[in-house]
Amino acid sequence: MRILGIDPGSRTTGFGVIDVVGQNRIYVASGCIKTQGGPLPERIKIILDGIAEIIRTYQPNESAVEQVFVNVNPAATLMLGQARGAAVAALVLANLPVADYTALQVKQAVVGNGHADKEQVGLMVQRHLRLSGVPQADAADALGVALTHAQHSGGIAKKLMEYQLSMKRGRMA
């Protein structure tokens, strides 16, 4: 299985592609789509086109996107939501299944601590994928999203997602 992870942003959208072979997670590619400011509609098009190109190049089977968190600035949250919408649209237009994960879920899956900082996520992504260096922050976050999906997409976790259930402290919620 090949997974494309996306960390959406209105200025920088991270992407990470991994292969899952049995219990192994293998790094394929990662990087960032940079929109360099400008009007929001132009940035949305850059994100949409960039993800479409990544899909054509790496041919993922599944995708996962980090959910938008609500921050103090409503305008920034709205822009982030629109960037996320562009990413999801590109994935759906390519007929890819899309999974959503919160930042807390990603940090928990990758680091083992839902309150980990960006540096810890980067270091653990490097360790999980046996990389020679720490990826750029947005790319590391996107790889973390892909790793989270790899962890959640097999066995009981997949069945729970299909039925829209989750586990909390060892119990179904």
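**View 1. Asn95, an exposed loop residue.** Asn95 is exposed, with a relative accessible area of 69%. Exposed means over 50% relative accessible area, buried means under 20%, and partly exposed lies in between (1.4 Å probe, protein chains only). Asn95 sits in the loop between H2 and S5. Helices (H or I, at least four residues) and strands (E, at least two) are DSSP runs, numbered from the N terminus. Phi of Asn95 is near 60°, a positive value in a residue other than glycine. Most residues other than glycine have a negative phi.

The model is predicted: local features need pLDDT of at least 70, side-chain atom pairs count only at pLDDT 80 or more, and totals for chains, interfaces and linings use all residues. Residues are numbered from 1 along each chain as its sequence is written, and side-chain values use heavy atoms, with hydrogens and water left out.

**View 2. Arg130, in the loop between H4 and H5.** Is Arg130 buried or exposed? Arg130 counts as exposed, at 66% relative accessibility. Its phi is near 55°, a positive value in a residue other than glycine.

**View 3. The chain as a whole.** The chain has six helices and seven strands. From the N terminus on, the elements run β-β-β-α-β-α-β-α-α-α-α-β-β. The chain holds 173 residues, and 43% of them count as buried. Contact means heavy atoms within 4.5 Å. Take the contacts between residues at least 6 apart in sequence: 58% of these join residues at least 24 apart.

**View 4. The crossing of helices H1 and H2.** H1 covers residues 40-58, and H2 covers residues 74-93. Their axes come within 8 Å and cross at roughly 35°. Axes are lines fitted to C-alpha atoms, for helices over the stretch in contact, and angles run from 0 to 180 degrees between N-to-C directions. The crossing is right-handed. Which residues of H1 make the contact? They are Leu40, Arg43, Ile44, Ile47, Leu48, Ile51, Ala52 and Ile55. From H2 come Met79, Gln82, Ala83, Ala86, Ala87, Ala89, Ala90 and Leu91. These contact residues divide into 14 nonpolar, one polar and one charged. Ala, Val, Leu, Ile, Met, Phe, Trp, Tyr, Cys and Pro count as nonpolar, Asp, Glu, Lys and Arg as charged, and the others, Gly among them, as polar.

**View 5. Thr13, a buried residue of strand S2.** S2 covers residues 12-21. Thr13 has a relative accessible area of 0%. Its side chain reaches the backbone oxygen of Gly9 at 2.8 Å. Beyond residues up to four places away in sequence, Thr13 touches Ile6, Asp7, Pro8, Gly31, Cys32, Ile33 and Ile47.

**View 6. Gly16, also placed in strand S2.** Gly16 is buried, with a relative accessible area of 0%. Residues up to four places away in sequence aside, Gly16 touches Ile3, Leu4, Gly5, Ala29, Ser30, Ala142, Leu143 and Ala146. Ala64 is 48 residues from Gly16 along the chain, and their C-alpha atoms are separated by 9.9 Å.

**View 7. The largest nonpolar core.** A nonpolar core is a set of buried Ala, Val, Leu, Ile, Met, Phe, Trp, Tyr and Cys residues joined through side-chain atoms within 4.5 Å. The largest has 17 residues. Which of them touch the most other members? They are Ile3, Ile18, Tyr101, Val125, Leu129 and Leu147. S2, S5 (98-101), H3 (103-110), H4 (118-128) and H5 (137-152) each supply at least two residues. H5 gives the largest share, five residues. Another core, of 16 residues, lies apart from this one; its members include Ile6, Val65, Ala86 and Leu96.

**View 8. Asp138, a buried residue of helix H5.** Asp138 has a relative accessible area of 18%. Asp138 touches Asp7, Thr12, Gly14 and Cys32, not counting residues up to four places away in sequence. Asp138 and Cys32 are 106 residues apart along the chain, yet their C-alpha atoms are separated by 6.8 Å.

**View 9. Gly114, in the loop between H3 and H4.** At 10% relative accessibility, Gly114 counts as buried. Neighbours within four places in sequence aside, Gly114 is in contact with Leu104, Lys107 and Gln108. Gly114 and Ala103 are eleven residues apart in sequence and 7.8 Å apart in space, C-alpha to C-alpha.

Technical notes: Left-handed = near helix turned anticlockwise from the far one by under 90°. Polar contact = N/O pair within 3.5 Å; in protein donor to acceptor, adjacent residues only side chain to side chain.
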